[in-house]
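Welcome! Open your viewer, load the model and follow along from one selection to the next.

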Amino acid sequence: VAAGTYVENIDFRGRNIKVVGEDRETTIIDGNNSGTVVSMSACSNETLLSGFTLKNGAGVNGGGLYLFNSEPVLINLLITENSASTNGGGIYFDYSNPSLENVTISDNTAGSSGGGGIYSYSSGISLENVNISDNSTSGPGGGIYYNQSNSILTNVTISGNSATGENGFGGAIYHTTVSYSTLLNCILWNNSPQEIYFSGEIEWNSGSTTAAYCDIQGGEDGIITNDNSTVTWGEGNIDVDPLFNNSENGDYNLQEGSPCVDAGIADLDGDGIEDIVDYNGSAPDMGAIEYLGTISP
């Protein structure tokens, strides 16, 4: 798809096709605040969406992207300035198993049901080099809301997200109803009111999170379990200002001297073979954006 702004709402309608934009900064699908920007139902893992900005979506569930019973590959996307009146300002996953790589989810909003950036229900999601920043909800889960879901997050930055209102818990991540997450080489910083929060309303809300080689504000104490969930605090975790270049203006590159540079791990599964091979320096960085050299403030 050639660069340009396309004012429309797209439904894949179960088609297992590849839709690739020329460049995500200049190939824009504008939902015109008249519904979800892109919807997918019954799409297989042969489905690809890559190289687009999805903006100005306004849905009930999922402002920028709505997935039901689908497992597409989502690469090089910018999902921004979308809203959902209920769940998932940026993205809503329902019985889906997507893979996201090099995706930015920023400045989206959701209603009181939660998930400013992502709402995941009965889904298994894989996120790699994903930046989830400056999203908000008037309910729980400023960055991500998990409900009966599993996730693996590798080199993910979750920062500047907020959950407000009477049920505003989990600024970065909110877990409920037996949900599990694994975080590797991630940064969770400056999310409000907590970084990670497990719902403690009823016993079967229990779940778990595992973190290794991550920078999490507040350390292990930044994870609220309500005494019904498990935290596995692995090796290499730190609680130090990551020194983003200019987070107030949406720049989540790392500055020179950041404690997150070369602080990650390349062998993710411990088998002695590097799973991450494309990195600069002695080891992968923490966070979504690899530091490649001096960045002017």
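This tour starts with the whole chain, moves to a sheet and ends at a single residue.

**The whole chain.** Keep in mind that this is a predicted model. Show the protein chain as a cartoon: there are 29 strands and zero helices.

**The charges.** Now colour the charged side chains: 5 are positive and 37 are negative. The centres of these two sets lie 21 Å apart.

**The sheet.** Next, select the nine strands that form an open, parallel sheet, in the order β2-β5-β8-β11-β14-β17-β20-β23-β26. Its edge strands are β2 (10-11) and β26 (223-224), each pairing on one side only.

**A pair of strands.** Zoom in on residues 173-176, which make up β20, and residues 196-198, which make up β23. Three bridges join these two strands in the parallel sense. Pick tyrosine 174 and look across to β23: which residue is its bridge partner? The partner is tyrosine 197.

**A loop residue.** Finally, select asparagine 56, in the loop between β6 (48-55) and β7 (58-61). Is asparagine 56 buried or exposed? It counts as buried, because its relative accessible area is 19% and the cut-off is under 20%. Beyond its neighbours within four places in sequence, asparagine 56 is in contact with several residues, among them Asp30, Asn32, Val37, Thr80 and Asn82.

Technical notes. Residues numbered from 1 in each chain as written. Predicted model: local features only at pLDDT ≥ 70, side-chain atom pairs only at ≥ 80, totals over all residues. Heavy atoms only, no water. Pairing = 2+ DSSP bridges. Helix = DSSP H or I, 4+ residues; strand = E, 2+ residues; numbered from the N terminus. Buried < 20%, exposed > 50% of the residue type's maximum accessible area, 1.4 Å probe, protein only. Contact = heavy atoms within 4.5 Å. Lys, Arg positive; Asp, Glu negative; His and termini not counted. Charge placed at Lys NZ, Arg CZ, Asp CG, Glu CD.
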